[in-house]
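Visitor: I'm new to this and would like to learn how to read a structure. Could you walk me through some features?

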Protein chains: 2
Amino acid sequence: MTNDRPKRGRPRSHTSREAILGAVRHRLLADGYLRLTIEAVAAEAGVSKATIYRWWKTKGELVLEAAEGDISIGLVPETNDPRADVEAAIHQLVDTFSRPLASIVIFAAIATGESDPVMAQIFRDRYVYPWRVSAAAAMVRALPEDRSEASEVQFLLDVIVGTVFQRTLVLREPNTVGLKGRLMSVIFPI
Amino acid sequence: MTNDRPKRGRPRSHTSREAILGAVRHRLLADGYLRLTIEAVAAEAGVSKATIYRWWKTKGELVLEAAEGDISIGLVPETNDPRADVEAAIHQLVDTFSRPLASIVIFAAIATGESDPVMAQIFRDRYVYPWRVSAAAAMVRALPEDRSEASEVQFLLDVIVGTVFQRTLVLREPNTVGLKGRLMSVIFPI
DNA sequence: ATTATTAATGTACGATGCGTTTCGAAATGT
DNA sequence: ACATTTCGAAACGCATCGTACATTAATAAT
């Protein structure tokens, strides 16, 4: 979604759009983000290169849209069991980071911040930030008053995100069974 | 250091070697890893491209060697105050990750694991692994017996590395004063 | 001194991918 | 029919890659 639909003229091809996004997903899973080229996507989708550039300014924009369904994290629930909410937040994170397509795209969004700051920005604003706000709220509810200052809450969120990132995306450790429980007992020591 | 010195023939130019590695550091700080090109390094060093390819197979190899002094972490001390040793380990990590050149190169080594697995491998084996082994030993000494199983120690190391990585390299948070203390109290709750 | 050996330079090459442009054809509303 | 917009095919100039070649330079062995 880049433009509004004009009233006249040939309408945008829904078929081509789907073919492009599907080809992007396929090439991402096959080759990874860095090795993905627009030319290969165009060839696989049976589409002209110009058509891709017509609707997406950058590779990052294109990839984020193609993986939208996989990388959206959702908001942390607000039940009357705040610790369960925090646990749900951790679960959402681990679950999302473990999806093959999401792991590739999230990693790329963070890693290419240097050369494509727009991609990192969009990823943060659209996917990380909403989750983070709701997770912070859950954390405040779950912590005792003397531990719920903003800086401590942000630190604990960094512990969660950083540890999950390290385990699932850097070390590529598929076994996440002990991870959630251990994170909970580190955040809420007995 | 790629080869032994042959006994005969023109010796390798020490001047060119230093000029190349210096240019790499300069371009890294100016442009970042992804935008660094071999051609630009050759031009800035006043050296032929072929000379660079003669001694370094890949960009990753070249960059790791150019930044060697900045990215080497050192081993965790072994005093009779094991908690202080763990604190020292955290300090080493934060300190290294905060150096401008190291932050660029470490980030690149992790981020390009997809397209340049050799760089990630070298980085892990040569710089991360030794620190990690000595940090694990310190952790075992510092933890009570009932918490010092291998999987728990590895998890706590991932918490440290992940959190520091998140704070310093992903979020680029320069303020690390509270970080070390908070990490300690998360690992050793009262 | 001559020869063998290795390094470094300059230059050029074919590939690949980039992002853009141009042109003609196709598909819609007015 | 006409205006408008999209699409596909092809080509463009550009940057960078990694390699190759011939030439010159510096050193050790003979």
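Guide: Let's start with one side chain: Glu44(A) has 37% relative accessibility, so it counts as partly exposed. Buried means under 20% relative accessible area, exposed over 50%, and partly exposed in between (1.4 Å probe, protein chains only). Bear in mind that this is a predicted model, where local features need pLDDT of at least 70 and side-chain atom pairs count only at pLDDT 80 or more, while totals for chains, interfaces and linings use all residues. Residues are numbered from 1 along each chain as its sequence is written, chains are lettered from A and ligands numbered from 1 in the order in which they are written, and side-chain values use heavy atoms, with hydrogens and water left out.

Visitor: Which residue forms a salt bridge with Glu44(A)?

Guide: A salt bridge is a side-chain nitrogen of Lys or Arg within 4 Å of a carboxyl oxygen of Asp or Glu. Here the partner is Arg27(A), with the closest N and O atoms 3.0 Å apart. The two are 17 residues apart and link distant parts of the chain: Glu44(A) sits in helix α2 (residues 38-45) of chain A, Arg27(A) in helix α1 of chain A. Helices (H or I, at least four residues) are DSSP runs, numbered from the N terminus. Arg27(A) has a relative accessible area of 16%, so it is buried.

Visitor: How many salt bridges are there over all chains?

Guide: A search of the whole structure finds 26. Another one pairs Arg17(A) with Glu65(A), their closest N and O atoms being 2.6 Å apart. Arg17(A) counts as buried because its relative accessibility is 15%, and Glu65(A) is buried too, at 17%. Salt bridges can also form a network, as with Arg147(A), Glu149(A), Glu152(A) and Arg182(B).

Visitor: What about the nonpolar core: which residues touch the most other members?

Guide: A nonpolar core is a set of buried Ala, Val, Leu, Ile, Met, Phe, Trp, Tyr and Cys residues joined through side-chain atoms within 4.5 Å. The largest one has 134 residues, and Met139(A) and Met139(B) touch the most other members. Leaving aside neighbours within four places in sequence, Met139(B) is in contact (heavy atoms within 4.5 Å) with residues including Val86(B), Leu156(B) and Phe188(B).
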